[in-house]
Amino acid sequence: MTLRLSEARPDPPETASEGVWLSCIACDATFAPFEAVRYTCDDCDGLLEVRYADLPTFEEFEGRTPGVWRYADALPFDEGVSIDEGNTPLYEVPTIEAETGVADLRVKHEGMNPTGSFKDRGMTVGVRVAEKLGVDRLACASTGNTSAALACYGARANTETLVLLPAGKVAAGKVAQASLHGARILEVDGNFDACLDIVSDLADRGEAYLLNSLNPFRLEGQKTIGLEILEQFRDQTGDLPDRIVLPVGNAGNTAALYKAFRELVQSGALDADEVPTLTGVQAAGAAPMVEAIEENADEVRRWEEVETRATAIRIGNPVNAPKALPGIRETGGTAVAVSDEEITDAQRALARDGVGVEPASAASVAGLRKLRESGDIAADEQVVCLTTGHLLKDPDAAATAGADPEPVPADTDGVLDHLGE
């Protein structure tokens, strides 16, 4: 299996419908995109990618309303089941920039999407595909953010939604979202990977349409993160970023950004040497991708036991590793593991710069710090750190990382006395 940055642009097969088809990354088999429900290759069970006969350039995006569907020419449809997702801010973080000593640092805050995470980008596309296929039940396994997004977009599409969560392992804010949007919540006595095994089996039996990132259409929405970063960074600085540092759970964003950049290179919109270096960060207690990078392995070993307070990336079997590993390697990137303490410290640092994120999001900044210390990231680099979820996704973790409330008397003099202590 190879996914090369400069691979030849394929000709449309006979299975292409309106210039769109599915292609297996392992054996190159091709399939019509909407004739049947399909998540993996019929021939070899390899991962599928959505391919296009015509790939757009930046000029085709100009003049369109910001957001995911600004990039409709790079997506399977002109519009999706939408709640104005995308167009998230690219923040300056001057304190962290000065501390790390890089030439320029920005934070792409995906927590500013409608349900508070990047998952909305995938759902606006994926739920639209479900409508086209005519399915009547949506399903996902989740560490929290996927369930919240799917429940919301499923409600918008008036489609039954089923979410499987590892019992006692999902932040309350995320469970509350899925509940309020009307999903059926099943708490599984097992970890996320066990949930994904079950929901994948349900999908294989035709009981539901799977909208985890194994679904290739999910990643089409998520690749707009990369397109948006390039446009926003260029507008703010006049240049393109040298590196993008991002948290890794199921490795969907790493795979999606790499696909976005490959398509830009294939269309001639981007030179291969302009593609940002992709750098993945995992929690030390759930770091199978880091292990594969460090051992130069072709495959990722499944970790049966994973633990980290960064619940959104508490995943031991990243299903998109076959797409993400080439993305890191082909762009000259790397992957690094960070401790929970380093993640919490980075969460506090982001908050001091006015950016509120959940713990998994802060892994990107923790990874930047660690790679600057080791010299793997140079001082002259222009860097974007991706933060994937809002602070209020995990209010308990935020409260633990923040300062404790201070009890005071119910009078002004008492308050002043306390402040003077």
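Which strand is mostly covered, and how many of its residues are buried? I looked this up first. It is strand β6, residues 137-141, with 4 of its 5 residues buried. I note here that the model is a predicted one.

**Entry: β6 and its partner**

I followed β6 to its neighbour. Strand β7, residues 160-166, runs parallel to β6, and 5 bridges join the two. I checked one position in the pair. Leu138 stands opposite Thr161 in β7.

**Entry: the open sheet**

I then traced an open sheet of 6 strands. I read its order as β4-β5-β13-β10-β11-β12, and the pairing is mixed. From one strand to the next, the twist averages 25°.

I reminded myself what holds such an arrangement together. Strands of a sheet pair through backbone hydrogen bonds, in either a parallel or an antiparallel way.

Next I went to β10 and β13. Strand β10 covers residues 243-247 and strand β13 covers residues 382-387. They run parallel, and 3 bridges join them. I picked out Ile244 and found its bridge partner in β13 to be Val384.

I also asked which helix lies across β4, β5, β10 and β13. I found α7, residues 224-237. Helix α7 runs at about 135° to β5, which spans 104-109.

**Entry: Asp376**

I moved to the loop between α12 (359-374) and β13, where Asp376 lies. Is Asp376 buried or partly exposed? I have it as partly exposed, because its relative accessible area is 45%, and that class lies between the limits of 20% and 50%.

I listed what Asp376 touches, leaving out residues up to four places away in sequence. The contacts are Arg243, Leu371 and Glu381. I also checked Asp376 against Thr334. The two are 42 residues apart along the chain, and their C-alpha atoms are separated by 8.6 Å.

**Entry: a nonpolar patch**

Which residues make the nonpolar patch of about 350 Å²? I wrote down Val408, Val415, Leu416 and Leu419.

Leu419 sits in helix α14, residues 412-420. I count Leu419 as exposed because its relative accessible area is 61%, and the cut-off for exposed is over 50%.

Technical notes: Residues are numbered from 1 along each chain as its sequence is written. This is a predicted model: local features need pLDDT of at least 70, side-chain atom pairs count only at pLDDT 80 or more; totals for chains, interfaces and linings use all residues. Side-chain values use heavy atoms; hydrogens and water are left out. Patches are made of residues with over 30% relative accessible area and no salt bridge: like charges are joined within 9 Å, nonpolar side chains (Val, Leu, Ile, Met, Phe, Trp, Tyr) within 5 Å. Accessible areas come from the Shrake-Rupley method with a 1.4 Å probe; for residues, only the protein chains shown count as cover. A salt bridge is a side-chain nitrogen of Lys or Arg within 4 Å of a carboxyl oxygen of Asp or Glu. Buried means under 20% relative accessible area, exposed over 50%, partly exposed in between (1.4 Å probe, protein chains only). Two strands pair if DSSP finds at least two bridges between them. Axes are lines fitted to C-alpha atoms, for helices over the stretch in contact, and angles run from 0 to 180 degrees between N-to-C directions. Contact means heavy atoms within 4.5 Å.
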